[in-house]
Amino acid sequence: MILFNESSCIDICLKNNNKYVLKAAEDLRQDFGRVSKHGILPKFINNESEFCIVIEDNTKKSVDPINDESYTVKTDGGKIIISAPTYLGTMWGIYTISEKYLGIDPCYLFNDLAIEKKDSIEIGDIDICERPNGFGFRGVFINDEDLLTGWKDGGGIRYMDYIWYFLTIEESVINRIVETVLRLKLNLVIPASFLDIDNPPEKLLADCVANRGIYISQHHVEPVGLSSFTFENYCRKYKKAGKFSYIENTDVMIEAWEFYAQKWAEYDNVVWQIGLRGAGDMPIWGVNAVPTAEELEKYGKFISDAYEKQKEIIMKATGGRAKHFTSTLWMEGSSLLEKGFLQFPKNTVIVFADTGVNQMYGSEFYSITRDKNYKYGIYYHLQYFGAGPHLAPQTGVDKLHYNTKLAYEKGDKDYYILNVSNVREFTFELKAYSEMLWNFEEFSKDEYVDRYCEKFGSDSEEMKRLIGEYYGNFPWLEAKNLLETYYGKFFNFYLVDNPDGIRNFILKDGDLLDIGSQIIRLFHRVLPGVYTRYYYSVKGAISKYIEICGDLEKLTEKLEYPLDKHVEVKWLLSAKTLLCIYRWFANVYEAKVYCDNLDTENMKNSLQTACKSLEEYLNFRKCAEYGEFENWYRGDLKTDVKQKLYNTKKLLGHSPDLH
């Protein structure tokens, strides 16, 4: 069967008028134009023709995850027939045609791999019948999204006293993200770090998710849609008084929950977050307090009562329609549950989280007995601002699969949300995530990497080797160092070293940029001993990443467009990012040692070399700011490499270069 050639194209027969299906069908139509060298597009028709793609109507209106996501795609003579009980399944069938038969990678909007143009596409018989056989809610969390926010002009003003969150993502950018989520057959999005949907530019982000028919949910610090920042806006706008505290300001907090519950109830498919945390992302008892066991038990009871109140408010606001509730055990939540101090409303999905800084589950994941009266899920950090990864991918398919397998075997399969930050840096792992969540039993790590590398033809084995080298040589410390660096105050760190070969405590981009900055701040003081361990681990990795960068440069030179650009941005830039940060960190540490020994000349040389490493990175990363990705790094506010360079230069008495 010919899908298109230089002069003709198969039609699309729309028997389904669901508004979400129609948008997916338009994506399919445009995909033909993306692939065809001649830009040929199918026609939408109302009645079947001899050669057409038939999009059948749905038999059900519900959209429960897993239960209502099956679909079939089959050929019948000159027709390709897509059928499914619900619109979700129909959309998955549509995007399956795009991926499997037109060759549109689900991450094409972010993976720096231009679509291969063709004169024609001819296919054989199709007989696909699929449904998810892994996890229920399968989602992404757009968190710490500084590059996305700064990339395009046009984002709206946000009113919050938080240093990085001045603007929203521009509308075309959130639409790109939602389209990518759909193409990956994921069904849930948390669209921003914080969201005040009483502010129109922020509501627009939620609208863009809801307008495509998938589920929308809330950050774990904004239960019922109310973060501390949103609360401040509410009080300022509606002339209310009092601090963000359910303990001290109960009535106004309840009033604000009721207000935002009504706002969120306007959406059809909401996974409601319930929880109770303090301002920002802190416990309700504040940043520095250390409650006794007796106080923790009282806090647990108070928080549990708040959960019930929140659910009562949500059910009232939705007229009893709300069905899906999550409560995320982040930081102190995991400790309180492990101690038996938390109780949840019925039908709540209790969400375990990795501890972010090491991307491994905490001790409570292993110790807590699952209660058959509840459902369970996962919040996992593919990206974690602070320790990282943030600028370069450092999780890898092996570590992601290891932790997903633990969840699958525990039965924590009702919900899985992946923190993907700025998306573009993490498409390799993101696509693997979508596949393993769709059908965990059939997912193979080796097959996934092999399939990715096939596009490199005779260089596929070299690409596979370099991916393995890239992920296999990160500097790392023994897990016990987590407690010395990050204290473990509310993180229940899992302190086993390298379970099943998975390194627990990798030193990532954020770790090193942060610890290096601390060395600069403490340049004339005594450093913690663990910093020396950081130094020796990083020093040992530098020569390996010099070699990896060299091999990636050689491979890039051999390849032709678009593969050369893809490898340059996806892999060479990532390796260069790490190498330059490693060198900067090592030289800053060495400069500190020379300073302690009053060795002025070597101290200056080390600081100058450290500056050159960051300058090299800032110059090289321009390779990723091309075409539609112009200004990609304009929003680099979180790691803020330019500020790190400035602070390093200050030790030499230099002001920054303003060009």
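This is a predicted model: local features need pLDDT of at least 70, side-chain atom pairs count only at pLDDT 80 or more; totals for chains, interfaces and linings use all residues.
Reader: What radius of gyration does the chain have, and why does it agree with a compact globule?

Author: The radius of gyration is taken over C-alpha atoms, and the globule rule is 2.2 Å times the number of residues to the power 0.38. The C-alpha atoms fill a box of roughly 85 × 65 × 45 Å along the principal axes. For 659 residues the rule gives a radius near 26 Å, and the chain agrees because its own value is 26 Å.

Reader: How many helices and strands are there in the chain?

Author: Helices (H or I, at least four residues) and strands (E, at least two) are DSSP runs, numbered from the N terminus. The chain contains 20 helices and 18 strands.

Reader: Among contacts in the chain with a separation of 6 or more, what percentage is accounted for by residues 24 or more positions apart?

Author: Contact means heavy atoms within 4.5 Å. Among the contacts with a separation of 6 or more, the share from residues 24 or more positions apart is 77%.

Reader: How far apart do the centres of the positive and negative side chains lie?

Author: Lys and Arg count as positive and Asp and Glu as negative, whereas His and the chain ends are not counted. The place of a charge is taken as NZ of Lys, CZ of Arg, CG of Asp or CD of Glu. With 79 positive and 97 negative side chains, the two centres are separated by 3 Å.

Reader: Which parts of the chain does the aromatic pair of Trp330 and Tyr384 link?

Author: Rings of Phe, Tyr and Trp (its six-membered ring) pair if their centres lie within 6.5 Å; planes under 30 degrees apart count as stacked, over 60 as edge-to-face and the rest as tilted. The structure holds 62 aromatic pairs. Trp330 and Tyr384 form one that is edge-to-face, at 6.2 Å centre to centre and 65 degrees between the planes. The residues are 54 apart in the chain, and the parts linked are the loop between strand 13 (324-329) and helix 9 (332-338), and the loop between strand 15 (375-381) and helix 11 (396-410).

Reader: Is the aromatic pair of Phe474 and Tyr545 stacked or edge-to-face?

Author: The ring centres of Phe474 and Tyr545 are 6.3 Å apart, with 5 degrees between the planes, so by the 30 degrees limit the pair counts as stacked. Phe474 lies in the loop between helix 14 (460-472) and strand 17 (476-477) and Tyr545 in helix 17 (residues 530-558), so the pair ties together parts 71 residues apart in sequence. Phe474 is buried at 3% relative accessible area, and Tyr545 is buried at 0%. Both residues belong to one aromatic cluster that also includes Phe428, Tyr448 and Trp571; the arrangement of the pair itself is stacked.

Reader: Where does the proline of the cis peptide bond from Gly388 lie?

Author: The peptide bond from Gly388 to Pro389 is cis, with omega near 5 degrees. Pro389 is placed in the loop between strand 15 and helix 11.

Reader: What is the phi of Val423?

Author: Val423 lies in the loop between strand 16 (415-419) and helix 12. Val423 is buried, with a relative accessible area of 4%. Although Val423 is not a glycine, its phi is positive, at about 70 degrees.

Reader: Which residues is Val351 in contact with, leaving aside neighbours within four places in sequence?

Author: Val351 is found in strand 14 (residues 348-353) and is buried, with a relative accessible area of 0%. Its C-alpha is 8.3 Å from that of Asp412, which is 61 residues away in sequence. Leaving aside neighbours within four places, the contacts of Val351 are Thr326, Ser327, Thr328, Leu329, Gly377, Ile378, Tyr379 and Tyr415.

Terms used:
Residues are numbered from 1 along each chain as its sequence is written. Side-chain values use heavy atoms; hydrogens and water are left out. Buried means under 20% relative accessible area, exposed over 50%, partly exposed in between (1.4 Å probe, protein chains only).
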